[in-house]
Structure formats: structure tokens, C-alpha cells
Amino acid sequence: MTDASAAAAASVPPVAPRRTHVRTHHGDAVDDPYEWLRAKDDTEVVAHLEAENRYTESRTAHLAPVQERIFEEIKGRVLETDLSVPTRRGAWWYYARTEEGKQYGIQCRAPIGSPDDWTPPALEPGEPVVGEQILLDGNLEADGQEFFSLGTFEVSTDGRLLLYGVDVEGDERYTLRVRDLDTDETLPDVIEGTFAGATLSPDGRHIVYTTVDDAWRPDTVWLHEIGADAASDRRLFHEPDERFWVDAGFTRSDRFLVIGLGSSITSEEWLVPADDLTAQPRVVWPRREGVEYDSSHAVVDGEDVLYVLHNDGALDFELVRVAASDPAGPRTAVLPHEPGRRLLGVSTFRDWAVVGYRRDGLARLGVLDYATAAVDELAFDEPLYSVGTAGNPEWAPPLVRLGYGSFVTPSTVYDYDVATRTLALRKQQPVLGGYDPGDYAQRRLWVTATDGVQVPVSLVWKRSFGEPGAAPRPVHLYGYGSYEATIDPGFSVPRLSLLDRGVVFAIAHVRGGGEMGRQWYEDGKLLHKRNTFTDFVDVARHLVDAGYTRPEHLVAEGGSAGGLLMGAIANLAPELFAGVLADVPFVDALTTILDPSLPLTVIEWDEWGDPLHDAGVYAYMKSYTPYENVREGVRYPRILAVTSFNDTRVLYVEPAKWVARLREVGADALLRCEMVAGHGGVSGRYSAWRERAFELAWLLDVLGDGVPSGAEADA
């Protein structure tokens with residue numbers, strides 16, 4: 001084929017052949033003509049995906065200059081040679097470095113000055129660090145690989161051994177290795193096919209790891225003795241119930257190994273003494289359907305206790321304390337259930353604990369006094385923000401490390417001194433190019449949904465373009481709304497390329513998420529799932545009716561379960577949107593949830609319902625699943641679906657089928673499939689920046705003349 005003929009072929013949208021494939025459930029026979037695209041190893045399927053990529057490349061070729069400009073803007077705002085704030089563990093400060101021109105981070109450590117040294121050293125980018133030891137250079141590990149992901153990185157308590165796990169396919173199967181940090185020798189231990197998050201025992205003699213079943217469910221916990229053949233590894237725990245995922249980790253106190261099991265609505269934990277890992281696991285509370293809990297070990301008045309966060313008769317959860325020797329015994333109420341205060345987690349330390357919770361749609365943190373059960377809440381002065389604990393491996397520190405940020409405040413690291421109740425700023429993400437947070441503003445508005453519920457919406461914009469609502473502006477509206485996940489206001493360097501061009505960014509905190517407590521989640525799942533979609537549509541309609549934007553200047557974005565939201569709103573209200581960006585979208589949900597052999601399906605029945613055995617759930621899901629409900633005679637917004645060939649969470653076949661069906665009805669739909677990537681997309685920071693620059697260039701192209709012109713828009 002000549003270059004000219006190849007270019008001509010690429011300019012024609014691929015047409016996937018229709019092939020009869022009838023599935024029948026509950027007396028309903030459905031012909032699914034694109035199900036053949038599921039055959040990942042079929043050369044015809046691969047050829048079709050490659051043709052889709054060529055077509056997308058042809059259709060977006062004119063965006064190359066804009067994409068390159070946005071990439072350079074992102075790159076120009078990032079301090080490419082930088083260091084994280086060191087975290088103390090044992091006798092070392094641990095931190096990561098990035099270097100200009102390199103895709104991946106470099107994991108390092110340097111010795112502490114003294115046992116009383118709790119102030120992290122102030123490291124300067126590009127300057128040598130006294131006593132630095134490079135533990136793992138991701139760039140060297142990734143050499144020769146198209147994809148690289150680090151799933152485990154942990155140093156033993158004594159600082160001698162490094163455990164790390166690497167995925168080079170994007171399928172989230174990790175190979176574990178051990179390195180002796182004294183000799184820089186890689187030990188012969190190699191464990192393949194593990195799940196992420198393996199851990200070393202406190203004595204450094206063993207590795208605890210999990211493996212998955214055929215449906216990609218982590219179901220088994222293993223114990224590996226370092227130096228022994230992996231074939232002789234001991235199975236510590238196996239969970240046969242396909243609804244439950246298994247994980248394992250040691251308490252911060254190094255007292256117990258905790259084996260945790262969880263479905264969407266039920267959990268269970270088992271304890272194993274850390275000094276006798278072959279002992280029989282002991283259950284904390286036997287599982288009860290619909291009861292979720294998690295425990296954290298502490299020592300109070302010389303007694304081993306567990307602080308247990310649970311929802312047994314407490315919709316927004318409560319915190320109790322029980323004896324570690326008798327978890328099923330008497331419960332002491334610590335933080336009783338309080339409607340409107342959704343308790344999220346507790347991190348116990350030797351002398352106090354940190355409690356995370358949500359109130360009024362915002363994340364909160366408080367320090368819990370063991371003696372009085374009083375909570376001292378940390379205060380922040382922005383109307384919108386996100387905050388959480390991060391990087392606190394030590395059992396008895398005087399400080400707790402926090403991560404903070406907002407739409408306008410770059411990611412910030414604080415250490416909170418519990419005794420003095422003061423915050424010490426350790427670092428704020430540098431943003432180059434003259435970034436001034438005062439140039440931007442954020443606020444929250446409330447939109448009344450069709451059924452009268454008030455839906456929170458977060459906005460951020462550049463002040464020089466005027467207050468949103470004063471005149472119609474281009475709006476980029478984001479949503480998720482599943483699994484009680486919250487989309488909190490956070491800083492984004494790539495987003496600045498939109499804000500500086502006059503685009504308003506908004507998050508619709510729709511039901512199904514966790515922004516407003518557990519009931520907010522309950523009202524957006526199972527047979528209430530449609531609320532997620534109608535909330536988003538109601539927000540979009542309000543933004544149009546109230547003069548914030550016009551339909552031709554409104555684009556929507558969501559990923560994974562948020563991609564399901566994108567497909568649903570494109571069917572429900574296509575007239576409201578100029579474009580829809582769907583990232584790894586869960587758009588063929590009914591087909592997936594009907595097949596228990598597929599990854600994640602059985603555990604997902606608690607979230608979506610079980611259409612395989614329940615005719616009512618089947619009919620309800622069929623009424624909203626995007627692929628099932630593509631409409632004839634409708635003018636769809638422009639659609640870009642982005643997926644990954646090796647994604648194990650939302651298979652590439654879902655957006656591939658969806659785009660084929662959309663094309664049947666005349667929609668302008670593009671599919672971009674990364675052939676070497678996973679659910680999180682491409683690996684490497686430069687590759688990720690280029691991918692995002694492509695998406696933002698497409699988004700700006702959709703907005704077209706809605707984006708302000710002139711010198712400021714070009715800034």
C-alpha cells in the first residue's frame with residue numbers, strides 16, 4: 001500500500017463486521033453483533049483496534065500543534081528534577097527523586113542524624129544528598145520495556161532488605177524480587193504472578209503476598225521464607241467466596257499480621273501474631289452480611305486493644321474499642337454514630353490516633369486522645385480542599401505527616417506536631433512559569449436535582465475571565481459517582497492549560513459517590529443507579545439554564561465507572577453536550593456483570609446487582625447500560641473513548657463495542673487504544689503528559705469557538 005492509499009484508508013472510519021451472537025437471560029434474547037471483539041488473541045481483533053488507532057490519529061492529526069503546545073506547557077510548569085519530602089523509618093530518611101528527561105522516579109534514602117531527629121532534611125533539587133543510597137532506579141528497571149509499574153516497594157524494619165514488585169505488561173501481575181541493601185545483591189528469590197502490595201515481616205525473614213484466581217480476584221495469602229524455593233511457600237489463608245477480595249499487611253505496631261477480606265458491603269479481618277506467622281489466624285468479628293469494619297491495633301494503659309470502625313447499626317459508621325485478646329467481647333464506644341459525619345478511617349500510633357471523616361461534603365482530620373476520646377480537628381482556611389494522612393510508617397512519632405491541596409493550592413506536605421497543635425510546612429509542589437494561586441478562584445454551588453435533592457458542584461476558574469455565570473463560558477464537567485469514591489478538589493498542572501484559556505472546570509459530586517456520606521452512596525447504586533446519571537444531567541442543565549455555559553461549549557469527562565456515567569448521559573441528554581471524553585469506560589456493563597468468569601464480576605454484584613439470577617436487576621441494568629441503549633435518530637455529541645489493551649479492570653472490548661455501535665447510528669466517535677498499557681493508562685510521566693495533552697487538545701477542539709481568543713487565551 002502506498003503512503004497516499006494508506007492515508008486515505010486511515011481517513012475512513014473502521015467498520016466492525018456484525019456477527020450474530022445471541023445471549024438469552026430471563027427469557028430475553030439479545031443479539032450482540034460486536035461480541036466477537038472480545039477475542040483478544042484473534043489477529044482480526046488486533047487489526048481492528050490498530051485500524052481504530054490509525055483512524056483516530058488521522059482525525060486528530062490537525063491537533064498535533066496544540067497537543068505539542070499543551071505538552072510543553074505541562075512540562076514547563078513541572079520542576080523535572082525534584083525530590084519528595086523525606087519520610088523517617090528506623091535509622092533512615094526515605095525519599096524519591098525525579099530527574100529531567102527521565103520517565104520514572106528514583107527511590108533513595110539517607111541516614112538520620114540522631115534518634116531524636118524528626119525534622120526531615122531540606123533537600124535541594126540537583127544538589128547531592130549526604131550519605132544518599134539509591135535503592136531502586138525505575139529508569140534502569142524499565143530499560144527495554146514499553147510499560148513499567150512498581151506495585152510493591154518496601155524496606156525491612158532493620159533497613160537491610162528491599163522488596164519490590166514489577167509489572168511490565170499493564171495487567172497488574174507483579175514479579176517480586178528481594179535486594180540486599182548492604183551488598184546491593186539481588187537475592188535468588190523470585191515470585192511471579194503476585195498481586196500488588198506484598199510486605200516483609202517485621203523480622204525481615206518472610207514475605208507475605210497474595211495471588212489472584214482466574215477472575216483476577218486476590219483470593220490467597222502466602223508466606224515465603226526468604227532464601228527458600230517459592231514452590232514451598234506456605235498458604236496462610238484462602239477465601240473461596242468469589243465476592244470477597246483478600247489483602248494482608250502488618251499493623252504499624254508490628255504486633256499483628258492482619259488478613260482483610262472485603263466485598264462491596266461486607267468485611268472480615270483475621271489476626272496472626274507477627275512473631276508466629278504459622279499460627280492459626282484468629283477472626284476479629286465473624287462476617288455478617290452488610291456489616292463493614294476495619295481494625296487498628298493500639299496499646300492503651302498497657303493493654304493490647306483494637307480500635308474498630310464499623311457500620312453495624314451505624315449508617316455513617318462509629319468507632320469502638322475492644323480487647324485484642326477478645327475482639328468479640330465488650331465494646332467501648334469511642335466515637336458514637338453521628339448522622340452527617342461519615343467516619344472514614346483511623347490510624348493508630350503509640351500515643352494517639354488520627355481519625356479521618358467527612359462532614360458537609362469535605363474531608364476532615366482530627367487527632368484522637370486515647371484517654372478522653374476527644375478529637376482535636378485540624379482547621380484549614382480554604383472553602384474547598386482535600387486532606388489526608390500520608391507516609392507515617394513509624395509507631396511512636398511526635399509528628400504526623402499530612403497531604404493537603406485544593407483546586408488552587410498545589411499539593412502540599414505538612415507535619416502536624418500533636419503536642420503543640422501546629423502545622424509545619426515541609427514542601428509545596430513547585431509550579432513553574434509564574435503560577436500565582438491568587439489568579440484563580442474556587443467555590444461550590446448546589447444544584448437541585450429533579451427529585452429535589454441538593455447536588456454539590458465544585459468550580460475553579462481563572463479570575464481574569466470573569467465570574468462564572470456572569471456570561472456563558474466553556475465548561476469542562478467531570479463526574480464519577482460509584483463505589484462511594486469521592487472526587488475531592490485537588491490541584492492539577494495539566495488543568496491549568498484549560499483554565500488559562502478561559503475554560504471553567506467543574507466536578508459534579510453525584511450520588512453513588514461518597515461526598516455526602518453513606519446514604520449518598522446508597523442512593524446511587526443497585527436499583528437507584530439511575531440517580532447518578534440524572535444528577536449529572538441535572539447539573540449540566542443547570543449550568544446551561546443559569547447562564548454558566550451553552551451546550552455547544554460544554555464537554556463532559558469521566559473514567560472507568562465514570563465512563564459508564566459518560567455513556568449513560570450521552571444517551572439520556574445528548575443535546576446538552578458538545579463532547580464526551582470517556583476514559584477506560586465501563587460502557588458494556590450488563591454483558592460484563594452477566595459473566596461471572598470475567599474479572600471482578602461476582603464482587604461487583606454488590607454494587608450493581610446480580611442480573612444473572614435476578615430478572616428485575618437484569619431489566620434495570622439493561623435500561624441504562626450505554627451499549628444497550630445507543631439510540632437511533634439522535635445527534636450525539638462528539639465522543640472520544642480511550643482504553644488500554646491490557647486493562648484487567650475494564651476490558652478494551654467494552655469501548656470497542658460501544659464505538660462500533662455509535663458509528664452505526666451516525667455518531668462521531670473515536671477510539672484510542674493503548675496497545676501496551678493497563679487500567680491506569682500508559683506508564684512514565686512524559687508519556688502520561690503526552691496522553692493528557694492529546695485529550696485536552698481534543699477537548700479544546702470540541703469547544704471550538706467557545707474558547708476565548710486573544711493574548712490571554714494564548715498565555
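Helix 7 passes helix 8 in a right-handed crossing, meaning the near helix is turned clockwise from the far one by less than a right angle. This is a predicted model, where local features need pLDDT of at least 70, side-chain atom pairs count only at pLDDT 80 or more, and totals for chains, interfaces and linings use all residues. Residues are numbered from 1 along each chain as its sequence is written, and side-chain values use heavy atoms, leaving out hydrogens and water.

**The helix pair**
- Helix 7 (residues 530-545) and helix 8 (residues 561-572) pack at about 65 degrees, with axes 9 Å apart; helices are DSSP runs of H or I, at least four residues, and strands are runs of E, at least two.

**The cores**
- The largest nonpolar core has 79 residues, and F536, I569 and F577 are among those with the most contacts inside it (a core is a set of buried Ala, Val, Leu, Ile, Met, Phe, Trp, Tyr and Cys residues joined through side-chain atoms within 4.5 Å).
- Another core, of 56 residues, lies apart from it and includes L378 and V702.

**Strand 33**
- Strand 33 (residues 454-462) is largely enclosed by the rest of the structure, because eight of its nine residues are buried (under 20% relative accessible area, 1.4 Å probe, protein chains only).
- Strand 32 (residues 440-448) pairs with strand 33 in the antiparallel sense over nine bridges (pairing takes at least two DSSP bridges).
- Strand 35 (residues 504-508) also runs antiparallel to strand 33, joined by four bridges.

Methods
Buried < 20%, exposed > 50% of the residue type's maximum accessible area, 1.4 Å probe, protein only. Axes fitted to C-alpha atoms, helices over the stretch in contact; angles between N-to-C directions.
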